[in-house]
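Subject: Structure handover

Hello,

Here is the structure I promised to pass on.

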Amino acid sequence: MKQTSLNIIAIGMFVLTMSSLLGPIFNVSPLIPAIATFSVLVLATIDTLGWQGQGSMIIVDLVEGTSSERRDRIIRHEAGHFLVAYLLEIPISGYALSAWEAFRQGQSAQGGVRFDDQKLAAQLQRGVISNQLVDRYCTVWMAGIAAEDLIYGNAEGGAEDRANITAVLTQLKRPGESKLKQSWASLQARSLIENNQSAYEALVKVMTERASVSDCYQAIQEYISVDQN
């Protein structure tokens, strides 16, 4: 079960407990909090089993969406993924900056940059994959964390990105390399972002405006020569 859904269930149980204790004091019928909590539990279960937790993610996004710092972090995190994928020639099929945007686009994920990873999946299925391709994808996955760390001095997101690296290396029977690969890839990604800072900032601007993938490519191309001179 998704962690967000588990958190919602835990909150529901807490509310039920507190209502049972405080209800008699404020003359509140015990049926009201019980029905409300039961409804929350049912919705959380349906969300987890039917929507893969996307409903709870949308709720969290709506609640936390008022924070300008959080929105900025998300955009800069995803711009890091986008820029490094472009530089490493990994095709990008789209992006969403929230669970709600992902839902509107017909995606089941909570948001983020979507890559065309057919080549990676095909090689993994055959059991024959080049170290170069693994390194490229690991660098792209760690680019969001690297971007946050570069701008803010720390990273709040990226758990799923780290999990992707662990999953791939586990499938390749190299799980012990995960931590080392994450550190290496983070340094590689940070270097690419630092060496293309103007392009990164231009990308952040157009992604904030929800530009198309092709317009994002164009924004990078306009500034990438400036960074390299």
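**What I found**

The protein chain has 229 residues, and 38% of them count as buried. Buried means under 20% relative accessible area; exposed means over 50%, and partly exposed is in between (1.4 Å probe, protein chains only). This is a predicted model, where local features need pLDDT of at least 70 and side-chain atom pairs count only at pLDDT 80 or more, while totals for chains, interfaces and linings use all residues. Residues are numbered from 1 along each chain as its sequence is written, and side-chain values use heavy atoms, with hydrogens and water left out.

**Overall layout**

The chain holds 11 helices and two strands. Both are DSSP runs numbered from the N terminus: helices are H or I with at least four residues, strands are E with at least two. In sequence order the pattern is α-α-α-α-β-α-β-α-α-α-α-α-α. Residues 24 or more positions apart account for 68% of them.

**Helix H4 and its two partners**

Start with H4 (residues 68-87) and H10 (residues 197-208). Their axes come within 9 Å and cross at roughly 120°. Axes are lines fitted to C-alpha atoms, for helices over the stretch in contact, and angles run from 0 to 180 degrees between N-to-C directions. H4 and H10 are therefore oblique to each other. The cut-offs: under 35 degrees is roughly parallel, over 145 roughly antiparallel, 65 to 115 roughly perpendicular, and the rest oblique. The crossing is right-handed. That term applies if the near helix is turned clockwise from the far one by less than a right angle; anticlockwise is left-handed.

On the H4 side, the contact residues include Ile 75, Phe 82 and Leu 83. H10 brings, among them, Tyr 200, Leu 203 and Met 207. The residues of this contact divide into nine nonpolar, two polar and three charged. Here Ala, Val, Leu, Ile, Met, Phe, Trp, Tyr, Cys and Pro count as nonpolar, Asp, Glu, Lys and Arg as charged, and the others, Gly among them, as polar.

H4 also packs against H7, at an angle of about 135° with the axes 7 Å apart. That makes H4 oblique to H7. This crossing is right-handed. Residues of H4 including Glu 69, Asp 72 and His 77 meet residues of H7, among them Trp 141, Gly 144 and Tyr 152. The contact of H4 with H7 divides into nine nonpolar, five polar and five charged residues.

**Helix H6: two sides**

Which residues of H6 (residues 118-126) are buried? They are Leu 120, Gln 123 and Leu 124. These cover an arc of only 100° around the axis, which puts them on the same side of H6. The arc is that of the directions from the helix axis to the C-beta atoms. Their cover includes H7 (131-152) and H8 (159-171). Gln 118, Gln 125 and Arg 126 are exposed on the other side. Just after H6, Gly 127 takes a positive phi of about 80°.

**Two loop residues to look at**

Glu 89 is in the loop between H4 and strand S1 (92-96). Its phi is near 60°, a positive value in a residue other than glycine. Glu 89 is exposed, with a relative accessible area of 67%.

Arg 210 sits in the loop between H10 and H11 (213-228). Arg 210 has a positive phi near 60° and is not a glycine. At 42% relative accessibility, Arg 210 counts as partly exposed.

Best wishes

Technical notes. Contact means heavy atoms within 4.5 Å.
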